[in-house]
Amino acid sequence: MTPSELKVFLYQLIRNNIQISTMIWGSPGIGKSSIVGQLARESDIDFVDVRLSQLAPTDLRGLPVAENGISKWFPPEFLPRKGKGILFLDELNMAPPAMQGVAQQLILDRCVGSYEVPDGWFVWAAGNRKEDRAAVFDMPSPLANRFLHLEVQPDFESFKTYALEKGIHEQIIAFLSFRTTLLHKIDPQQPAWPSPRSWVMASALHFAGLDINSAVGSAAGSEFNSYISMYENLPNLIAILEGKGESIQFPKEPSVRYATVIGLTVRADNANQALNAFNWLNQVAANEWVRLFAVDLSRTMESKGKRGVLANLLSKEPEFKKLLQDYLESQKP
């Protein structure tokens, strides 16, 4: 499933209070932990992230303390004791077998030592796969059989939705729109390689005017640097947003087209600018580019809390509304 589909599935587990332990599988850097943390915030519940690979069995079980001639286990302070939330066991299969054995009690019986997971808490976990060249241990069959298993794959549309919401640099979004295969590409020979996580880091570097190779590797970084050199060929986006684009042609080069559409999407700040950009594209570009703009603009306006702007645009331009409706229909299973 895609990251967006994963989020929807996990949300339904919370909404329906299905407290079945759940294991999320996927390549490193695609946002598994971030999705769970974001979901907890949006659901207004607590979130406890436990990195099992960094713990010893006694760290989870607690320390034995003699009391009236009997040893009692004193559980660690980081485990939840009240309320409602997600207890997230990250890097589960990077933990050695002894640690996984202790975690098995927590997952199956919702208790370990003298500790019990409160009723309102979900127990979820995540891990990488061997084919991702992660340093992982085999998960014992009894432990694996106690989980729901969800496998998530990198997906550009999911990343773009997140990137537009979080204000990732428009040149990063435009580049990956053109070179989607570089969203996630493990290079076992290099410490830095492109992933959704490392592109977010690259965005921060690019905003600061720093080279992004240290985040995504030299190969992806070189392609990105070549790509942004063509920004000199962009049409006058300011003029288009101001409604003065009558004599401006739509670029012929696909890479410049992506940069143009993403640039208009990110820079449109009100209903008039959005409408001007939409009308210009509608006159000079094929329908696929107009729809791309309409869908991305709606996501951006929603994430910026500018629903009024979007509603204003929808009321003024029926064709914009139809494009969105057609897109939503196409996404239904």
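Select Gln 38 to begin: with a relative accessible area of 11%, Gln 38 is buried (buried means under 20% relative accessible area, exposed over 50%, and partly exposed in between, using a 1.4 Å probe and protein chains only). Before moving on, note that this is a predicted model, in which local features need pLDDT of at least 70 and side-chain atom pairs count only at pLDDT 80 or more, while totals for chains, interfaces and linings use all residues. Residues are numbered from 1 along each chain as its sequence is written, and side-chain values use heavy atoms, with hydrogens and water left out.

**Stop 1: around Gln 38**

Gln 38 has its place in helix H2 (helices, H or I of at least four residues, and strands, E of at least two, are DSSP runs numbered from the N terminus). Show the contacts of Gln 38: setting aside residues up to four places away in sequence, Gln 38 touches Lys 7 and Glu 165 (contact means heavy atoms within 4.5 Å).

Now select the whole of H2, residues 32–42. Its buried residues are Lys 32, Ile 35, Val 36, Gly 37, Gln 38, Leu 39 and Ala 40. What do the buried residues of H2 pack against? Their partners are helices H1 (3–15) and H6 (156–166), together with strands E1 (22–25), E2 (46–51), E5 (84–90) and E8 (120–127). Step just past H2 and you will find Asp 44, which takes a positive phi of about 60°.

**Stop 2: Arg 61**

Next, pick Arg 61, in helix H3 (residues 57–61). Arg 61 is partly exposed, at a relative accessible area of 23%. Leaving aside neighbours within four places in sequence, Arg 61 is in contact with Trp 73, Pro 75, Val 102, Gln 105, Val 112 and Gly 113. For a sense of scale, draw a line from Arg 61 to Ser 198: the two are 137 residues apart in sequence and 34 Å apart in space, C-alpha to C-alpha.

**Stop 3: two packed helices**

Select H7 (residues 170–178) and H12 (residues 254–267), which pack at an angle of about 140° with their axes 9 Å apart. That makes H7 oblique to H12. Axes here are lines fitted to C-alpha atoms, for helices over the stretch in contact, and angles run from 0 to 180 degrees between N-to-C directions. Angles under 35 degrees count as roughly parallel, over 145 as roughly antiparallel, 65 to 115 as roughly perpendicular and the rest as oblique.

Which residues of H7 and H12 meet? On the H7 side, show Glu 170, Ile 173, Ala 174, Ser 177 and Phe 178; on the H12 side, show Pro 254, Ser 255, Tyr 258, Ala 259, Ile 262, Gly 263, Val 266 and Arg 267.

**Stop 4: the aromatic rings**

Finally, display the aromatic side chains, where the count comes to 12 aromatic pairs. Rings of Phe, Tyr and Trp (its six-membered ring) pair if their centres lie within 6.5 Å; planes under 30 degrees apart count as stacked, over 60 as edge-to-face and the rest as tilted.

Phe 175 and Trp 199 form a tilted pair, 5.8 Å centre to centre with 55° between the planes. Phe 175 lies in helix H7 and Trp 199 in helix H8 (residues 196–207), so the pair ties together parts that are 24 residues apart in sequence. Both Phe 175 and Trp 199 are buried.

Then look at Tyr 258 and Trp 289: their ring centres are 4.9 Å apart and their planes at 70°, so the pair is edge-to-face. Tyr 258 lies in helix H12 and Trp 289 in helix H14 (residues 287–303), so this pair ties together parts that are 31 residues apart in sequence. Is Tyr 258 buried or partly exposed? Tyr 258 is partly exposed, with a relative accessible area of 24%, whereas Trp 289 counts as buried at 8% relative accessibility.

To finish, select Phe 175, Phe 178, Trp 199, Phe 224, Tyr 227, Tyr 231, Phe 250, Tyr 258, Trp 280 and Trp 289, which form one aromatic cluster.
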